[in-house]
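Please open the structure in the viewer and keep the selection tool at hand. The stops below are to be visited in order.

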Amino acid sequence: MSDKPDYLHDTIVAAATPAGVGGIGIVRISGPDVPQIAGKMLGGLPPPRVASLREFHDAAGEPIDTGLALYFPEPGSFTGEPVLELHGHGGPVVMALLVDAAVSLGSRQAEPGEFSKRAFLNDKLDLAQAEAIADLIGSGTAQAARAALRSLSGTFSAAVDALQEQLIRLRAQVEAALDFPEEEIDFLSDEQLVAAIDDCHAAFAALREGTRAGRLLRDGYQVVIVGRPNVGKSSLLNLLSGQEAAIVTEVAGTTRDILREHINLDGLLVELIDTAGLRENPDQIEAEGIRRAREAIKSADAVLWIQDASAKENAIEKESLAALGEELPANVPVITIRNKIDLSDENPGLQDKRPLTLNVSAKTGAGTDILREQVLKLAGHKDLGEGAFTARRRHSDALGRAEAHFQAGRKVLEESKAGELLAEELRLAQEALGQITGSFTSDDLLGKIFSEFCIGK
Ligand SMILES: Nc1nc2c(ncn2[C@@H]2O[C@H](COP(=O)(O)OP(=O)(O)OP(=O)(O)O)[C@@H](O)[C@H]2O)c(=O)[nH]1
Ligand SMILES: [Mg+2]
């Protein structure tokens, strides 16, 4: 009897290429029944890791297609199990017939992410690496793709493991001292221990920063454009995205729904969100648009508050700015944009004012380079060069929990010299950190992570 979970004893199949029509479509089969299925569908197992031209048959022996068959024996395959890939002609019917044939010969349809999950369960990848596969496939910029590839090759996991090692050594030091309870231990006079704590502190900070940057690369930066009607919100969106994405007219209340455009700012993926102008007494449709604008603000990373520089300082505008200010989540940065300076005849650029204020013209483009720079600055986006990796919210949350335990342990040591409590907090920190790479995980967590993958991954 093997100690593998039951679901690793069956064989799974799915199309690995997207649904639709293409020159080639690939069906992937993984599990112990691969040799037997290959016997029926191909007349025998092809030689390992060599492309072999074969006729593909269904369970009744009828030909379905002719193509290349690739066989990867265990454990040197992606999943760690015997894997067979059938490269046929890329049509949806051909793919469905191949999958059906494999199913009637004893395999079952794979669940979303199940190939990657098996790779994880068979120790071919850790959890952060498995997630990086999905991130590489879904990456929105070339930088994000390179960073995801680094996560996939283990750069991020290695940084997590290194911190994990540091925590283990520190805990061993503390526990070794606790083994002599008859002596009064003054941990804080132990220079080595204090230095080890400081090192862990610095390592947490470095990993936190790397993870933050990694999330930015993966998830991008969300910027919401808000303001009163007709101030030029949609014009600015069009200018920044380089296309006529939003309708622009001189009618106040043109935009009624939320419009999203992705732009690439020096490698940073930015999602620009244009919204309905905020005003009093809107009609029913506008009111819904305004409600959506307020929703968008809640989850934004930054807000561009647009004003019309050519309009007279107006009391309503001042009031609504104050009202909006109240509504903004405290930690969302706002740039005030004074638009239409071509009409007011002012100079473009940053104004000596708080909050951050910028003069632009969406018509002439004046000042918009500085706007791009400011958004990059707010996002804290730097070219991270060769070190960057991608990370997810799940990772930064786990890292945050680990750091909180570490800091709590540090505090009890400083305040009450309680070595036992430090050791316990370090154990909890280790456990939280282990959730990133999957050395500590529950079935629920695995189910949740892999269910977000597509079928066939
Ligand atoms: N002269 C000048 N006109 C501008 C500028 N920006 C926008 N406009 C004009 O202002 C009018 C309103 O622009 P929009 O981009 O539709 O404004 P909006 O804020 O999206 O308006 P709503 O969707 O109605 O809330 C249009 O006639 C634009 O051509 C600018 O910088 N200079
Ligand atoms: Mg608009």
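Select Glu 55 first: the bridge partner of Glu 55 in β4 is Thr 66. The model is predicted, so that local features need pLDDT of at least 70 and side-chain atom pairs count only at pLDDT 80 or more, while totals for chains, interfaces and linings use all residues. Residues are numbered from 1 along each chain as its sequence is written, and chains are lettered from A and ligands numbered from 1 in the order in which they are written.

Next, select β3 and β4 (residues 63–72), antiparallel strands joined by 6 bridges. Strands are DSSP runs of E with at least two residues, helices are runs of H or I with at least four, and both are numbered from the N terminus. Two strands pair if DSSP finds at least two bridges between them.

Now select helix α5 (residues 142–152) and helix α7 (residues 191–219), which pack at about 125 degrees with axes 8 Å apart. Axes are lines fitted to C-alpha atoms, for helices over the stretch in contact, and angles run from 0 to 180 degrees between N-to-C directions. The contact (C-beta atoms, placed from the backbone, within 7 Å) involves Gln 143, Ala 144 and Ala 147 of α5 with Gly 214, Leu 217 and Arg 218 of α7.

Terms used:
Contact = placed C-beta atoms within 7 Å.
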